[in-house]
Amino acid sequence: MRKRAKDTQPPSGWFYNTRTGEVEHGEVSRSIDLLGPYPDEATARQALDIARERTRQADEADAEWHGGGEGDDSGDGEGGSPADR
């Protein structure tokens, strides 16, 4: 088995490790466990709150796209645009 070459230009910035809950400078851990990069340590510490807010905004935009408005969680399974129905 060949050893994987070390990245000569690793990403800079700060990352939040979802597995350990720790903030890391540079891409130290496996990328699947990381959120980021963030511009500074303080912002990386807020990674879960940032992700939660982005998810809320995306869910709201999806609801508007589907014509249900905010909080429409009917679970009717209808996907696609309203024109596809």
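## Arg56 and Glu53

Arg56 has a relative accessibility of 39% and counts as partly exposed; buried means under 20% relative accessible area, exposed over 50%, and partly exposed in between, with a 1.4 Å probe and protein chains only. Glu53, at 33% relative accessibility, is also counted as partly exposed. The side chains of Glu53 and Arg56 meet in a salt bridge, with a distance of 2.7 Å from N to O. A salt bridge here is a side-chain nitrogen of Lys or Arg within 4 Å of a carboxyl oxygen of Asp or Glu.

Both residues belong to helix α2 (residues 47-65), where they are three residues apart and therefore separated by about one helical turn. Helices (H or I, at least four residues) and strands (E, at least two) are DSSP runs, numbered from the N terminus.

## Basis of the values

This is a predicted model, in which local features need pLDDT of at least 70 and side-chain atom pairs count only at pLDDT 80 or more, while totals for chains, interfaces and linings use all residues. Residues are numbered from 1 along each chain as its sequence is written, and side-chain values use heavy atoms, with hydrogens and water left out.

## Salt bridges of Asp33

The structure holds six salt bridges. Side chains of opposite charge can pair when their charged atoms come close. One of the salt bridges joins Arg19 to Asp33, with 3.3 Å between the closest N and O atoms. This pair links distant parts of the chain, 14 residues apart: Arg19 lies in the loop between β1 (14-17) and β2 (23-25), and Asp33 in the loop between β2 and β3 (34-38).

Asp33 also forms a salt bridge with Arg30, at 3.2 Å from N to O. Through salt bridges that share partners, Arg19, Arg30 and Asp33 are joined into one network.

## Exposure in the network

Arg19 counts as exposed, at 57% relative accessibility. Arg30 has a relative accessibility of 55% and is likewise exposed.

## Position of Arg30

Arg30 sits in the loop between β2 and β3. Arg30 and Asn17 are separated by 13 residues in sequence, and their C-alpha atoms are 8.8 Å apart in space.
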